[in-house]
Amino acid sequence: MSASRSTGTTDAIGPDEDPEPAPAAIPGSRLLAALLDGMDAALCAFDAQGTITHWNREAERILGWSAAEAVGRRGFAGWAVRSADAGDVQGRLLAVMDAPGRQVHEFALLRKDGGRVLVRTQSSGVRGADGKPAGVYCAFSEVHAQIDLERSIALSEALFEDASWGVVLVDVDLRPTVVNAYAARALGGGRTRLLGRPLGELVVQGVEDLEAALQHVLAEGSPTAPAELWVTLRTAEGDRRRCWRSGFLRLASPLAEEPVPLGVGWLFRDVTTAKLAEQDAARLRFRANQLHRAARQAAECEDPMEAATTSLDFALAGFADHVVVDLLEDLAGGERLVRAAATPSDAPGPCLAVSGGPFPVRYGPEHPALQAVERAGTVRAAAPAGAGQDWAVERQWPGGAVHALCAVLRSRGRTLGVVTFLRTASRSAFERTDATYAESVAVRVASAVDLARLAARAGRDDGL
């Protein structure tokens, strides 16, 4: 290894002044040797005649030749490269002295044990104090290692530019530090505007589950399988419910002696559409199975009204909390709705026929049940925010109901009454698919009610 000598100047000191000891300087040769040996890349240098002047430890690791064996040799001929290739390699390396910038080459070099290794070199000329070419320095590494590095860099750039899933780097304080384009769109903001902001400012609901997952990764490491997280986002158009299939990677510094967490790499993809489709399919299968079971059970009932309430009991499972059946009866004041069957108002229970005389229910003119009868169709209703139990009590429904779905009962072209399904605040409002299911149930109930009336009329005729 070559050495350099450090020089310096001192100030004049008077006869009565004691000089302070200057700090010991690291000799230039040792500093240079430490810098070269500490490099991650192999490095060698040639003087203007092609003699090797520098050789660091990474070069020794790759090729097996020590600095003592390499420094002072003229080029690579006869020891680090095949004789047939020596001239070409030497010429291409020394040609860099007269060329501007750096040049990249690939050479097949020989290890000390005789094996060959393909290296990629970056060479540049060195000029002396007079500006004339003085030599060449050459940094090289194994091609496969260089390619691995380039692939890693290319992968990182692709992930943070145009990947088809979201990529977010989160620091140990759980704040985004890097966000790719997909994630920015999913989170509802620009890539730079999201940086450094708490996740709670972006996610209205579900942020606790997300932060718990990130903290677990920081403490325990990367999970073995992706997780599906449901979150609600705050956007300019309002709150949006989304499902993200997420994977997490704990990031550690490659430069530290012990793993030091730098944060978490969070990769996710929006699977809301697929999950909703799966839920809808599962719901349809369940409801079809319930209708099938109800039909089989109702067929075993001797009393048609018992068959009607049996069908409603099967329909309630996973669909509503309460059900009320009101039938049209000819009373002295005309045709009115009369309560015929209902579930208990104070607790979950089966739908049972209401005992007592045919007293009409006191529904107001705008009652949803009356609207369903008038339209001969289905009507959905919901309590306004903050209405409490008064909304349900005013409509003669069990307290706590905040969502209603009234389906008309029709058989043989006639309206027989209305069945009302009710949900409490713990459930979501009725949707269009719920109305379709309620209408399917109402068809079966209406057939049973019609059969009960025909049987009752036949009994009266037999009595006469």
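Colleague: Which residue in S17 is the bridge partner of leucine 327?

Modeller: Strands are DSSP runs of E with at least two residues, while helices are runs of H or I with at least four, and both are numbered from the N terminus. In S17, leucine 327 has as its bridge partner glycine 417.

Colleague: What kind of model is this, and which pLDDT limits apply?

Modeller: Residues are numbered from 1 along each chain as its sequence is written, and side-chain values use heavy atoms, with hydrogens and water left out. The model is predicted, totals for chains, interfaces and linings use all residues, local features need pLDDT of at least 70, and side-chain atom pairs count only at pLDDT 80 or more.

Colleague: How many bridges join S12 and S17?

Modeller: Two strands pair if DSSP finds at least two bridges between them. S12 spans residues 322–331 and S17 spans residues 414–424. They run antiparallel, and the number of bridges is six.

Colleague: Which strands stand at the edges of the open sheet, and why is one side of each without a neighbour?

Modeller: The sheet has six strands in the order S14-S13-S12-S17-S16-S15, paired antiparallel. Each edge strand has a single partner strand, so one side of each is left without a neighbour in the sheet. The edge strands are S14 (352–353) and S15 (379–382).

Colleague: Is arginine 412 buried or exposed?

Modeller: Arginine 412 lies in the loop between S16 and S17. Its phi is near 50°, a positive value in a residue other than glycine. Buried means under 20% relative accessible area, exposed over 50%, and partly exposed in between (1.4 Å probe, protein chains only). At 56%, arginine 412 is exposed.

Colleague: Leucine 174 has positive phi too; is leucine 174 buried or exposed?

Modeller: Phi of leucine 174 is near 65°. The residue sits in the loop between S6 (166–170) and S7 (176–179). With a relative accessible area of 9%, leucine 174 is buried.

Colleague: How far apart are the closest N and O atoms of glutamate 142 and arginine 61?

Modeller: A salt bridge is a side-chain nitrogen of Lys or Arg within 4 Å of a carboxyl oxygen of Asp or Glu. Glutamate 142 and arginine 61 form one. Glutamate 142 is in S5 (residues 133–142) and arginine 61 in H2, so the pair ties together parts 81 residues apart in sequence. The closest N and O atoms are apart by 3.7 Å.

Colleague: What is the N to O distance between glutamate 58 and arginine 61?

Modeller: Glutamate 58 and arginine 61 are three residues apart in H2 (residues 57–63), which means about one helical turn between them. Glutamate 58 is buried at 17%, whereas arginine 61 is exposed at 54%. The N to O distance is 2.7 Å.

Colleague: Which residues form the network with Glu142?

Modeller: Glutamate 142 is buried at 14% relative accessibility. Salt bridges that share partners join Glu142 into one network with Glu58, Arg61 and Arg111.

Colleague: How many salt bridges does the structure hold?

Modeller: Another one joins glutamate 201 and arginine 197 at 3.0 Å, N to O. Glutamate 201 is partly exposed at 41%. The total is 21.

Colleague: Which residues touch serine 123?

Modeller: Serine 123 is in S4 (residues 116–127). At 0% relative accessibility, serine 123 counts as buried. Leaving out residues up to four places away in sequence, its contacts are Leu93, Val96, Gly101, Arg102, Gln103, Val136, Tyr137 and Cys138.

How values were computed. Contact means heavy atoms within 4.5 Å.
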